[in-house]
Amino acid sequence: MHDFNYIGSDLYCEKVPIKKIAEEVGTPVYIYSSNTLRNHYHAFDLAFADIPHIVCFAVKANSNLSILRLFASEGGGVDIVSGGELFRALRAGIDPQKIVFAGIGKTEEEVSFALKSNILMFNVESSLELQKINEVAGSLGLKARVALRVNPDIDPKTHPYIATGLKKSKFGIAISRALGEYQIASTLPNIEVVGVHKHIGSQITEVGPFVAAMEKILELVKGLKESGIEIKYIDAGGGLGIRYGEEKPPHPKELGKALVPMIKDLGCTLIFEPGRVLVGNAGILVTKVLYLKSGEVKNFVIVDAGMNDLIRPSLYDAHHEIIPVEKQDGSYLTADVVGPICESGDFLAKDRKIEKPEPGNLLAVMSAGAYGFTMSSNYNSRRRVAEVMVEGEKYTVIRKRESYEDLIRGEE
Ligand SMILES: *Cc1c(COP(=O)(O)O)cnc(C)c1O
């Protein structure tokens with residue numbers, strides 16, 4: 001569900017015409033619906049209402065301060081993977097006691113920053129990292145709350161680049177070795193073991209893999225209890241998929257229905273780290289058609305947004321619907337929609353049937369709210385684009401378009 005709809009032949013975000021934003025802010029531009037963001041947050045939150053839980057939005061999906069602030073105002077926490085994300089989260093007013101910190105390569109400086117910020121817990125990915133956290137905590141005279149990220153060896157049935165819970169994956173600690181690691185962790189003087197964490201991948205469109213992974217986690221929690229280690233938090237990670245095209249991902253309430261009964265008698269707090277499912281369909285990328293061109297075997301629609309603005313099609317072969325901001329007369333064209341970057345991999349869609357646009361027309365690239373702006377870069381010395389948040393009848397620029405001066409800041 002989202003709030004990007006046609007009224008007559010014009011595409012709107014809530015009550016604001018997309019065309020108006022494009023004219024006033026320029027293109028390319030990311031546009032987010034605050035109403036969709038709130039609805040998605042509530043749907044997720046409500047799905048787990050029967051048990052103590054914290055919804056920790058995965059900042060890497062969309063790290064704009066205004067978006068983090070919106071989730072904070074709804075009571076949400078965050079899942080971070082770097083010191084930079086911690087900085088953003090604190091700046092946005094996220095309660096440190098709702099911040100969890102994952103990632104296989106946390107530096108000493110990042111660990112120290114997080115400890116001083118008194119975050120809820122570190123999701124630890126290796127035994128050396130555990131020792132490092134113990135050491136840093138000791139030097140600060142603090143105690144670090146940790147969960148171990150275990151790798152349950154579950155196939156999430158998604159793109160290999162975003163599968164993270166298989167044996168061959170770089171993430172987490174093998175579940176077969178987890179008990180031993182927990183026993184070591186519980187002897188470390190500056191470590192307090194509080195949780196178990198797993199995250200098996202992204203864009204998962206079935207409930208099955210979540211249930212299978214949870215079964216393995218619960219077995220571990222039981223084993224831990226038997227050896228005297230009490231778990232307070234079960235962090236089930238993120239990964240719930242969204243509709244880009246023909247997918248039929250489960251609603252969060254189906255996930256809740258499957259998982260809540262499994263854990264409700266354990267007395268644990270459930271943590272979830274949804275990223276894509278909260279923001280993906282709440283954002284679009286609006287781009288302007290610059291030129292049309294017919295090659296010998298293909299047509300090209302050349303637009304002003306490139307792979308530096310939205311890399312998902314190039315990186316994951318991802319599908320994004322592309323629709324006109326103003327519906328035309330209904331004649332169609334099959335074409336590659338490509339950007340201005342000097343790479344053949346620079347495309348937003350391949351062999352796509354779209355309403356035939358004219359130069360100057362605006363196109364909306366749908367479902368671009370997650371891993372869109374956050375993965376954008378300055379490649380080809382392109383300025384990163386503006387981001388806009390719509391709220392009912394008004395909109396706000398929540399990140400200014402970069403200037404040429406921004407491009408060279410810090411360079412000699
Ligand atoms: C990326 C990531 C998430 C969010 O994944 P989504 O598929 O966007 O929900 C959650 N937790 C961890 C540890 C991650 O790395």
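## Helix packing and ligand surroundings

Helices α2 and α9 run roughly parallel to each other, since their packing angle is about 20° and angles under 35 degrees count as roughly parallel. The model described here is predicted. Helix α2 covers residues 34–47 and α9 covers residues 252–263, and their axes lie 8 Å apart. The two helices cross in a right-handed sense. On the α2 side the contact is formed by Ala43, Phe44 and Ala47, while α9 contributes Pro252, Lys253, Gly256 and Val260. By class, this contact comprises 5 nonpolar, 1 polar and 1 charged residues.

A second pair consists of α4 (residues 83–91) and α5 (residues 108–116), which pack at about 25° with their axes 9 Å apart. Helices α4 and α5 are therefore also roughly parallel to each other. Their crossing is left-handed. Gly83, Leu86, Phe87 and Leu90 of α4 meet Glu110, Phe113 and Ala114 of α5. The contact of α4 with α5 has 5 nonpolar, 1 polar and 1 charged residues.

Turning to the ligand, 15 residues are found around it, and Lys60, Ser202, Glu273, Arg276 and Tyr371 come nearest.

| Residue (side chain) | Ligand atom | Distance |
|---|---|---|
| Asp79 | nitrogen | 3.1 Å |
| His199 | nitrogen | 3.5 Å |
| Ser202 | oxygen | 2.3 Å |

Definitions and conventions
Residues numbered from 1 in each chain as written. Predicted model: local features only at pLDDT ≥ 70, side-chain atom pairs only at ≥ 80, totals over all residues. Heavy atoms only, no water. Axes fitted to C-alpha atoms, helices over the stretch in contact; angles between N-to-C directions. Helix = DSSP H or I, 4+ residues; strand = E, 2+ residues; numbered from the N terminus. Parallel < 35°, antiparallel > 145°, perpendicular 65-115°, else oblique. Left-handed = near helix turned anticlockwise from the far one by under 90°. Contact = heavy atoms within 4.5 Å. Nonpolar A, V, L, I, M, F, W, Y, C, P; charged D, E, K, R; others polar. Near = heavy atom within 4 Å. Polar contact = N/O pair within 3.5 Å; in protein donor to acceptor, adjacent residues only side chain to side chain.
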